[in-house]
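Here is a short briefing to read alongside the model. Have the sequence and the 3D view open, and follow the topics in whichever order you like.

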Amino acid sequence: MTDCIFCKIAKKETATHLLYEDELVVAFDDLHAKAPIHTLIIPKLHIETINNIIPQQESLVGHLFTVASILASTLNIAENGYRVVMNCNQHGGQAVYHIHLHLLGGKQLSWPPGC
Ligand code: 5GP
Ligand code: ZN
């Protein structure tokens with residue numbers, strides 16, 4: 001997807017600093033952080049929404065959680081705790097249509113979020 005900002009970030013076509021990269025995913029800080037730690041973990045593959053995930057991509061999607069856990073340790077929020085969130089479509093609050101896992105932490109998060 002040529003006009004997808006997250007594809008551009010994954011292809012390093014922007015100046016975004018990557019906190020993590022492997023063959024499948026990249027992670028970087030959210031532009032408008034909602035918590036002291038607010039990192040986005042995205043697959044390099046363009047998948048629009050959760051609704052578009054196919055069974056063959058289960059391990060890729062699972063890998064987003066593995067990387068969230070690695071980053072939580074690296075960023076020192078694993079022990080206190082954190083939240084991972086993936087929004088879907090308009091009611092879910094999705095703004096960028098390339099799936100991404102939000103990793104939020106570094107403070108006491110409220111619950112439920114934005115109901
Ligand atoms: P969504 O609402 O789709 O779940 O979350 C999209 C997130 O992407 C938002 O938190 C927004 O701040 C972040 N975002 C949008 N555009 C950019 C960008 O160009 N760079 C970075 N680092 N984050 C972005
Ligand atoms: Zn994309």
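What geometry does the site of the zinc ion (ligand 2) have? The site is tetrahedral, with angles of 104 to 117° among the four donor atoms; four donors count as tetrahedral if all angles lie between 85 and 135 degrees. For four tetrahedral donors the ideal angle is 109.5 degrees.

This is a predicted model, in which local features need pLDDT of at least 70 and side-chain atom pairs count only at pLDDT 80 or more, while totals for chains, interfaces and linings use all residues. Residues are numbered from 1 along each chain as its sequence is written, chains are lettered from A and ligands numbered from 1 in the order in which they are written, and side-chain values use heavy atoms, with hydrogens and water left out.

**The zinc site**

- Cys4 (SG), Cys7 (SG), His46 (ND1) and His98 (ND1) coordinate the zinc ion (ligand 2) at 2.0 to 2.3 Å. Donors here are N, O and S atoms within 2.8 Å of the metal (3.2 Å for Na, K and Ca), and since water is not among the atoms, sites may look incomplete.
- Along the sequence, the donor residues follow the spacing C-x2-C-x38-H-x51-H.
- Cys7 sits in helix α1 (residues 5-10) and His46 in the loop between β3 (37-43) and α2 (58-74), so this pair ties together parts that are 39 residues apart in sequence. Helices (H or I, at least four residues) and strands (E, at least two) are DSSP runs, numbered from the N terminus.
- Cys7 counts as buried, at 4% relative accessibility. Buried means under 20% relative accessible area, exposed over 50%, and partly exposed in between (1.4 Å probe, protein chains only).

**Around ligand 1**

- Ligand 1 has 16 residues around it, of which Asp30, Asn87, Gly93, Ala95 and His102 come nearest; a residue is near a molecule or strand if one of its heavy atoms lies within 4 Å of it.
- The side chain of Asn87 places an N or O atom 2.8 Å from an oxygen atom of ligand 1.
- For Ala95, a backbone N or O atom lies 2.7 Å from an oxygen atom of ligand 1.
- His100 has a polar side-chain atom 2.9 Å from an oxygen atom of ligand 1.

**His38 in strand β3**

- His38 lies in strand β3 and counts as buried at 5% relative accessibility.
- The side chains of His38 and His102 make a polar contact (2.8 Å). A polar contact is a pair of N or O atoms within 3.5 Å; within protein, one must be able to donate a hydrogen and the other to accept it, and residues adjacent in sequence count only if both atoms are side-chain atoms.
- Beyond its neighbours within four places in sequence, His38 is in contact (heavy atoms within 4.5 Å) with residues including Asp29, Asp30 and His102.

**Helix α2 and what follows**

- The 17 residues of α2 should span 24 Å at 1.5 Å a residue, and its end C-alpha atoms are 25 Å apart, which agrees. The expected span is 1.5 Å times one less than the number of residues.
- Among the buried residues of α2 are Leu60, Leu64, Val67 and Leu71, and what covers the buried residues includes β1 (18-21), β2 (25-29), β3, β4 (82-85) and β5 (101-105).
- Leu64 has a relative accessible area of 0%. Leu64 and His100 are 36 residues apart in sequence and 8.3 Å apart in space, C-alpha to C-alpha.
- Asn80, in the loop between α2 and β4, is exposed, with a relative accessible area of 77%.

Terms used: Four donors count as tetrahedral if all angles lie between 85 and 135 degrees; four count as square planar and six as octahedral if opposite donors are over 155 degrees apart and all others between 65 and 115; anything else is irregular.
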